[in-house]
Amino acid sequence: MSTAAAPVRTLRTGTVLADLLPASRVRDVALVVGGAALTGLAAQLTVPVPGSPVPVSGQTFAALLVGTALGARRGFLSLALYAVVGMAGVPWFAEASSGYAMPSFGYILGMLLAATVVGALARRGADRSVLRTAGTMVLGSAIIYAIGVPYLALATGMSLGQAVAAGLTPFLIGDALKAALAMGALPAAWKLVGRKG
């Protein structure tokens, strides 16, 4: 009696989407640079928030997607590259800004940590189902805010309550929409790969 097994390469725990590409150093470098570039491009999709020095942007979604798709190590390197190049003067932070002397820089530091954490969770299969993906995105967003909001308070002289009102509350609906996109996209990508494998 024989049973058909699911393709090992697509369903094995410890694999992220990027691992499905043929392994090489060139692949890893291209993924890291591509993840940084994607985050920089997504950061240009911005909507100003009245009363807040932090705009709604696509960079948080890109950072979480990069971490999840690339895994912890490559996700960290990708977001580190994004941060370092932006600090060096390339205007690819939100609203074509650069440098580190801006009130929203704490969110970029949060994205660096969040990409690492969601990448580690993805290696444990956290991006394979809708509910697990939702939890992963919520945790990643919480990490970004846990660093970004206190940094905003320190950088602007706001109280913590004011920083929460200006740098967290206005973004919750957008974050829910971004999580919904990820909840659909990531598990669907795994299903598609599983059919092709």
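Q: Why is alanine 166 called buried?
A: Its relative accessible area is 7%. Buried means under 20%, exposed over 50%, and partly exposed in between (1.4 Å probe, protein chains only). So alanine 166, at 7%, counts as buried.

The model is predicted: local features need pLDDT of at least 70, side-chain atom pairs count only at pLDDT 80 or more, and totals for chains, interfaces and linings use all residues. Residues are numbered from 1 along each chain as its sequence is written, and side-chain values use heavy atoms, with hydrogens and water left out.

Q: Where does alanine 166 sit, and what does it touch beyond residues up to four places away in sequence?
A: Alanine 166 lies in helix H7 (residues 160-167). Helices here are DSSP runs of H or I, at least four residues, and strands are runs of E, at least two; both are numbered from the N terminus. Alanine 166 touches Gly51, Ser52, Met158 and Phe171. Contact means heavy atoms within 4.5 Å.

Q: What makes the pair of tyrosine 107 and tyrosine 145 edge-to-face?
A: Two values decide. Rings of Phe, Tyr and Trp (its six-membered ring) pair if their centres lie within 6.5 Å; planes under 30 degrees apart are stacked, over 60 edge-to-face, the rest tilted. Here the centres are 6.3 Å apart and the planes stand at 90°, so the pair is edge-to-face. The two tyrosines are 38 residues apart, tyrosine 107 in helix H5 and tyrosine 145 in helix H6. Tyrosine 107 has a relative accessible area of 6%, so it is buried. Tyrosine 145, at 13%, is buried too.

Q: What makes a set of residues a nonpolar core, and which members of the largest one touch the most others?
A: The members are buried Ala, Val, Leu, Ile, Met, Phe, Trp, Tyr and Cys residues joined through side-chain atoms within 4.5 Å. The largest core has 42 residues. Leu79, Tyr82, Phe93, Tyr107, Ile108 and Met111 touch the most other members. H5 gives the most to this core, with 9 residues.

Q: How do you know that the charge of arginine 128 sits over the ring of tryptophan 190?
A: The test takes NZ of Lys or CZ of Arg within 6 Å of the ring centre and within 35 degrees of the ring normal. The charged end of arginine 128 is 3.8 Å from the centre and sits over the ring.

Q: How does the span of helix H2 compare with the expected span?
A: The expected span is 1.5 Å times one less than the number of residues. H2 has 18 residues and reaches 25 Å, close to the expected 26 Å.
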